[in-house]
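Colleague: Can you walk me through this one? I'd like to start with the packing and then go to the interface.

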Amino acid sequence: MLSKKVILLGKYGVGKTSLIRQYVYQKFSEQYLTTIGVKIDKKEVQVQEKSVNLLIWDIAGEDSQTKVPPTYKLGAHAVVYVFDLTRPATYESITKELKQISLELPAIPVWLVGNKSDLLRNNEIDEIIAKVSTKVHFTTSAKTADQVEDLFFKVAKHFV
Amino acid sequence: MLNDVKANFLKASAHFIVFDQDGHCLESEGQLISPNLLKGNLFENFSFLESNRELLSLMMLHDSYSFPCMNVQLEQSKEAYCDFTLQKVLWQRQEANLWMVHDQTEMYLRIMQLQQDRNEKAISGEFFEMKQRALNAERDLLKFKNEELKRQQEFKTQFYARLSHELRTPLHSISGLSTLLSEKQKAHQQAKYLNALQATSRHLLSIVNNVIDFSRIETGKMTWQAEPTALKDLIEEVIASFRYKAEEKRIEIKVTYAEDFPLTAQLDATKLKQILFNLIGNAVKFTDRGYVLLEAALTDKDQEFIELTVIDTGPGIAKEKEQDLFKPYVQLSNNGHVGSGLGLSIVKQLCDLSGGNITYIRPESGSGVTFRVTLPYLLPEKQIDKPSEELPLESHIQKMLIADDDEINCQVLVTYCKKYNIEAEAVSTGKQAIEKLMSNSYDLLILDYYMPNMDGLETLKALKKKELHQKKPVFMLTGSMSPTIKEEVLSAGVKKVIVKPIQPDALIELIRFDVPTDQSGINLDYLYKISDGNALLIKELIKKFLDTVPSDFAKIKQHQDGKDPFALQKMLHKSKINMKYVGMQGAFEKMEKLEETLSSGNVPVNLKLQISDLEKQVNAAVIKLKAEFKSL
Ligand SMILES: Nc1nc2c(ncn2[C@@H]2O[C@H](COP(=O)(O)OP(=O)(O)OP(=O)(O)O)[C@@H](O)[C@H]2O)c(=O)[nH]1
Ligand SMILES: [Mg+2]
């Protein structure tokens, strides 16, 4: 079976752990428990009669990519970069962060995700997306599960 | 012995596993990972190893990678934080993988607490910073508003100083010129002084108007009032008034019209004039070489707006001043040209008022200024006839009365009207006006609003009571134009309110356009007189007219070929009395004359034309009388 390492990156508190918890366990908690180091979760996805094993690495958020141990990213097949739609600090330096990632992981697909969409109105989300200098692939809510399944399915589909 | 202690100590917190390429455990030293999990395929049992399978296949002997702080479940429901190391080793002379697991849970849990604390603080710091940013933005805005207010305040102070200067200059020259005029002078000298006097007073008037307009716009008292306007004439008039100045400065002033530009349209003529006067005035003022061009067109797309572009070849506007262009109290140039600093601001506000706009177009190269104004317009329901340039005035206003205590104003108007063959009389009080009207009939009455003892409105009311000057137009002159007064005056039946000082030309224009020509020529005064104001009787007579005259005329038309002059004469004779009742004196006389001719057996060559003329009048009268009938 196809096994793929997917890493979640992004600043602290943007909802990486929550997205994975929602996706793998259909659970959500308002409480913020920061992640330290890495926790790996596994989920099997069916894409067009093929199974893909997603090995999802939930990596502790830092304020800069340079602080993440390089071995966490080693051999990753896809990156999901998460930011918090409600916190400008999590997307203001996105270009720089994504550049750093592409240096370490050349030619690896990076999915850009704005999370916590449940906290904003549609037009506000549009405004923020317009401000982000790179294409935002998904606007998710780990709370309502909006677009969460779509996100990981798209990641898996890319491997097939 | 010590080796054993060391080994035991390590066993408690570390585990070493050697496994092959396929994930089979070859050797294990430690107690952290349960032997069960080590029995099967390690890649299947440990996501960490599965994730790194590719990496392991690529590693060379002695290569080593460490993975700090891996969150794993080593036993059921017991979470642990371990440092992992993967290394390529030789095991029994074969290449194998070594996985070192070092449990550091205690330390990492402490680190976790610290990190949690740091992150939470950092996040709330972000929100604080966002708030701060919002506050800063708010403060900047306030600061800007303050500065803007201060600037306006300062300018107002300066402005009033300058304004008094501006007002005093023409006033001085007016007083000087009038002194000169009062002395004995040669005729040509006198004419020259008079010209200068007129020009100066017009200038003074325009300054005062600007100031008043601005304050009215500022207080929201101005509205856009669309009315049928001879558009091209208006433009030509404005251009013409700058011709002299342009010639003097040796610059050209021209205007071009797009093919589809309407001759007439419904819009607010006064305000359009003001807009053009300001823009073209500025253009002429600032241009010392080259030309001033006005392009008149319609907007490309939907043609819902007229588009007037004023282009000059003057020095242009400095880039840093562009943003302040339409702000009040901004002086655009420092090169000796003075103005109130209100002109463009007024233009902008007038454009906004209309639902259109004004834009400044920066020149692509070189200097010069281009302003484009778009204004909404409607095509008039009825095209206005172009006023003929020749005298005499073809109007049904032949005789008019002016009541104004300003004798000079009266004199000017009377003289001017004479030029147009209008017989005008002037009185100076409301009482005198009433007296005049008791014994005379006038086609138009012009009343001044402010007159001693009895003002214009009171005079009008008294006239109504006395049933004088009924159904005939009244214009009212006024110095101020408070909307409430205007409303009161208009609802009292005044046809037009004219702001003083009135330009004689404008008055003639008004007489031409604003007193609708009543083709029917009916005059119900007669009807009212003979019926003694008895509404029932009036109604009866009108009904008779409506019942009989149209059918009479249908018959009259049957005889318009003149083959049976006597039948026609009979018909005319029968019908003409109806004309008399409703005051259609003209029609009555025409019919009488025609009857006379016919009775002598003669048929006039233009019989058909005469009848169709009469018919036109009758048709117009029918419409008016029907309305009158309803209102009784
Ligand atoms: N309303 C809302 N809250 C969310 C959402 N996702 C996460 N949160 C909340 O955001 C906080 C942080 O979520 P985590 O999932 O722990 O964030 P993280 O990116 O894993 O943070 P680190 O592990 O510190 O990097 C928690 O309080 C969550 O409840 C979301 O979609 N909507
Ligand atoms: Mg987390």
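Modeller: This is a predicted model. Its largest nonpolar core has 50 residues, and A:W57, B:F48 and B:W99 touch the most other members.

Colleague: What is B:F48 in contact with, leaving aside its neighbours within four places in sequence?

Modeller: From chain A, B:F48 contacts A:I40 and A:W57. From chain B, the partners are B:F67, B:M70, B:F84, B:L86 and B:W99.

Colleague: And which residues does the second, separate core include?

Modeller: That core has 45 residues, among them B:I251, B:L267, B:A283 and B:L344.

Colleague: On to the interface. How much area is buried between chain B and chain A?

Modeller: About 2600 Å², with carbon and sulfur atoms giving 57% of that. In chain B, the residues that lose the most area to chain A are B:E50, B:S51 and B:E126, together 19% of what that side buries.

Colleague: How many residues does each chain put into the contact?

Modeller: Chain B gives 30 residues and chain A gives 30 residues.

Colleague: What about salt bridges across the interface?

Modeller: The rule finds four between chain B and chain A. One salt bridge pairs A:R87 with B:E126, where the closest N and O atoms are 2.6 Å apart.

Colleague: Which element of chain B gives the most to the side that touches chain A?

Modeller: α6(B), with 13 residues.

Colleague: And how do the residues on that side of chain B divide into nonpolar, polar and charged?

Modeller: There are 14 nonpolar, eight polar and eight charged residues on the side of chain B that touches chain A.

Conventions: Residues numbered from 1 in each chain as written. Chains lettered and ligands numbered in written order. Predicted model: local features only at pLDDT ≥ 70, side-chain atom pairs only at ≥ 80, totals over all residues. Heavy atoms only, no water. Core = buried A, V, L, I, M, F, W, Y, C linked by side-chain atoms within 4.5 Å. Buried < 20%, exposed > 50% of the residue type's maximum accessible area, 1.4 Å probe, protein only. Contact = heavy atoms within 4.5 Å. Buried area = accessible area lost by both parts, 1.4 Å probe. Salt bridge = Lys/Arg side-chain N within 4 Å of Asp/Glu carboxyl O. Helix = DSSP H or I, 4+ residues; strand = E, 2+ residues; numbered from the N terminus. Nonpolar A, V, L, I, M, F, W, Y, C, P; charged D, E, K, R; others polar.
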